Amino acid sequence: MTMATRFIENKSQDCLRTKAAKVALVQVLETLTPTSVIGIGTGATVEVFVKLLAESNATFSHCVSSSERSSKALEVAGLVTKPIAESSSLDFYIDGIDEGLNNGVTVKGGGAALAREKVLATQASTFITIADDSRLVEKLGIFPLPIEILPAAKSSVVHTLKTMGGVPKEREGCVTDNGNIILDVSGLDMMKPKQLELHLNSMPGVVENGIFAYRSADLMVFSNAEGSYCLFEK
Ligand code: 5RP
């Protein structure tokens, strides 16, 4: 995918998360209708988006949440939600990222919600990511890759990942909303993200991995001290 760039100056005292979330909200409001459904990712950045969305008093149908954490944030904000199990299509999906390439391919899962996040991102007509631009990278792999696995498959998946050159580390004290565990894996060759995404998901016991290459972002909003910029599909 080839992405084009648009710069938006914003030298306000807004924190970087707010700068990115505000731009994403403007994008969403441009085409939002009373029947629109908005998928909500997980993490501190998307929680800023949730707050801004509620403050905008925009009219739309409802939100679908990717985690228990985000469901709480949506409830606090007073936004209507419907269960993810009842969702099959979304107009927008908004989420943070742990790292991303300028072609829309990202790595997610720092908040342990990657499996439901990928379900929602895949349902969305428009997938928008928001982050400060320290997360825009030239090569994936700086952030250890989160992989959600069945607890029963831990030893076999760890073994297989090691044969691939990976260094898996179980995330301490982490049980996902699906009752599984997370391995944070460094050392894998991430040069072919689509192939790796598919290969990891073919391992028995792997529920999902944090590479979003098959469902890459349509619009990436990044912020820095000067303002924000959007990378979007041409
Ligand atoms: C959760 C995620 C988050 O989107 C990612 O970790 C970014 O989080 P934050 O906005 O808190 O930096 O993938 O599973």
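Strands here are DSSP runs of type E with at least two residues, while helices are H or I runs of at least four, all numbered from the N terminus. Two strands count as paired if DSSP finds at least two bridges between them. Across from threonine 106 in β7 sits glycine 100.

This is a predicted model, where local features need pLDDT of at least 70 and side-chain atom pairs need pLDDT 80 or more, though totals for chains, interfaces and linings use all residues. Residues are numbered from 1 along each chain as its sequence is written, and side-chain values use heavy atoms, without hydrogens or water.

The pair belongs to an open, antiparallel sheet of 3 strands in the order β6-β7-β13. β6 (99-100) and β13 (211-212) are the edges, each with a single partner strand, so one side of each has no neighbour in the sheet.

## The sheet of 8 strands

A second open sheet has 8 strands with mixed pairing, ordered β1-β15-β14-β8-β5-β2-β3-β4. Its edge strands, β1 (3-9) and β4 (81-82), each pair on one side only.

β1 runs antiparallel to β15 (residues 227-233), with 7 bridges between them. Within this pairing, threonine 5 has leucine 231 of β15 as its bridge partner.

## Around the ligand

Now to the ligand, which is surrounded by 16 residues (each with a heavy atom within 4 Å). The closest are Ala44, Thr45, Asp98, Gly109 and Arg135. By class, this shell has 4 nonpolar, 7 polar and 5 charged residues; Asp, Glu, Lys and Arg count as charged, Ala, Val, Leu, Ile, Met, Phe, Trp, Tyr, Cys and Pro as nonpolar, and the others, including Gly, as polar. Both α2 (44-56) and β5 (90-96) supply at least two residues of the shell.

Which atoms of the protein lie 2.9 Å, 3.1 Å and 3.3 Å from ligand oxygen atoms? At 2.9 Å there is a side-chain N or O atom of lysine 108, at 3.1 Å a backbone N or O atom of glycine 111, and at 3.3 Å a polar backbone atom of alanine 113. The protein covers 92% of the 380 Å² of accessible area that the ligand has on its own (Shrake-Rupley method, 1.4 Å probe).

Key. A polar contact is a pair of N or O atoms within 3.5 Å; within protein, one must be able to donate a hydrogen and the other to accept it, and residues adjacent in sequence count only if both atoms are side-chain atoms.
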